[in-house]
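Student: I would like to go through this structure term by term. Please set each value against its definition.

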Amino acid sequence: MSAATNERQVGFGIIGLGRHGERYANHTLAGDAPGARLVAVQRRNEAEGRAFAEEKGLRFHADPAALLADPEVDAVVITTPTKQHLPMALMAIAAGKHVLCEKPMARSVEECRAMRDAAQAAGVQVAIGQTMRFAPILGVLHDRLPEVGELYALHACMRQERTPTEWHLDADLAGGGVVVEVGVHLFDAVRYLTGRNITRVAGEMRDTYDAGVETYATGIAWLEGGVTSSFEIAKTVNGRLSRFEAVGSEGALIANLAANTLDRVHERNITPLEVPDNIPTIPILVQGLCDAILDGAPSPVTADDGLHTLAVCEAFYASVQSGVATD
């Protein structure tokens, strides 16, 4: 760790200070992750990047390599288009910097493996921005899951409005459409909630408004141990909803993340359950990476977690192309 950085804080730099990068910046500047201190930012739009840095008292670097050479930067947040995740991460790892890479981790399983293996060889930490698992209501659902008895299925839905980000509609830059942009959250959350890997997927998808990539997708996944999971993934619906339903021999648990409600269904009774207030999940991820760097704790979302979600995405796309379920 840099001698210039407080010994109980990690000095962060952000590569790609766009709309999402600013969310990381603002949470860190507000002290929402006490172990993190933002010291430098990089943005392709130099005028906007410099203006932000000057306003917040940060250093601005027009070039990612210059930011990675900054001695006060111990770790980097990568919020560039997905196509740049692997090259930016490899540059950071070669410079001895820890990496927080936004989701999806990369555009393919092959790219994910390259990032993971490079980090392991260099002995640096990697965390992936699959943050839905940190929603407090999902923590309660996870803890109460045994109440449904033998688990038969876990259904997941995430609907959003059309994306305002142009590069999300470029398959080369993004790696795909809503399956990789939104689906990774659902695939990761299902794995977190059940503790089971997804082993097979069958999918259907369409482009609902000539976006150039899929904007609506549905499918079914098979998990270890015979559990199934259905998915609805959309970024074309004017009615935002994130919902999980766990179904088992003793009833069901239904979590609505948009309304922050959790209901227990047993026989003919529907009982609202107490849940904590919703909170931003980015600070939880950032602090988790700080704990991994400072104290040797496990990464909050590992490279293998990111790799698994990309494997599911690849199987989803393969099933669409072949018309059959894909392992």
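**Cavity and sheets**

Tutor: The largest cavity is lined by Thr163, His168, Leu169, Gly177, Val178, Glu181, Tyr209, Val213, Glu214, Thr215 and Lys235. This is a predicted model: local features need pLDDT of at least 70, side-chain atom pairs count only at pLDDT 80 or more, and totals for chains, interfaces and linings use all residues. Residues are numbered from 1 along each chain as its sequence is written, and side-chain values use heavy atoms, with hydrogens and water left out.

Student: What makes a space a cavity, and what makes a residue part of its lining?

Tutor: The search uses a 1 Å grid over the protein atoms alone. A cavity is a set of points where a 1.4 Å probe fits but cannot get out, and lining residues have an atom within 4 Å of a point. Grid points are joined across faces, edges and corners, and the volume is the space filled by probe spheres set on the points. By this rule there is one cavity of 30 Å³ or more. The largest cavity holds about 50 Å³ of space.

Student: Why is Ser319 called buried?

Tutor: Buried means under 20% relative accessible area, with a 1.4 Å probe and protein chains only. Ser319 has 2%, so Ser319 is buried. This residue is found in helix α11. Helices are DSSP runs of H or I with at least four residues, strands are runs of E with at least two, and both are numbered from the N terminus.

Student: Which residues does Ser319 contact, leaving aside its neighbours within four places in sequence?

Tutor: Contact means heavy atoms within 4.5 Å. On that basis Ser319 is in contact with Val201, Ala202, Gly203, Val324, Ala325 and Thr326. The side chain of Ser319 also reaches the backbone nitrogen of Gly203 at 2.8 Å.

Student: What makes the link between His61 and Asp70 a polar contact?

Tutor: A polar contact is a pair of N or O atoms within 3.5 Å. Within protein, one must be able to donate a hydrogen and the other to accept it, and residues adjacent in sequence count only if both atoms are side-chain atoms. The side chains of His61 and Asp70 make such a contact at 3.0 Å. His61 is found in strand β3. His61 is buried too, because its relative accessible area is 14%.

Student: How do you know that β4 and β5 pair?

Tutor: Two strands pair if DSSP finds at least two bridges between them. Strand β4 (residues 75-78) and strand β5 (residues 98-102) have four, in the parallel sense. Val76 stands opposite Val99 in β5.

Student: In what order do the six strands of the open sheet run?

Tutor: The order is β3-β2-β1-β4-β5-β6, with parallel pairing. β3 (59-61) and β6 (126-129) stand at the edges, each with a single partner strand, so one side of each is left without a neighbour in the sheet.

Student: What is the order in the open sheet of eight strands?

Tutor: It is β8-β9-β10-β7-β11-β12-β13-β14, and the pairing is mixed. β8 (198-206) and β14 (269-273) are the edge strands: each has a single partner strand, so one side of each lacks a neighbour in the sheet. Strands β7 (residues 151-160) and β10 (residues 228-235) run parallel and are joined by six bridges. Ala156 has Phe231 in β10 as its bridge partner.

Note on methods: Buried < 20%, exposed > 50% of the residue type's maximum accessible area, 1.4 Å probe, protein only. 1 Å grid on protein atoms, 1.4 Å probe; cavity = no way out; pocket = protein on both sides within 12 Å on 5 of 7 lines; lining within 4 Å.
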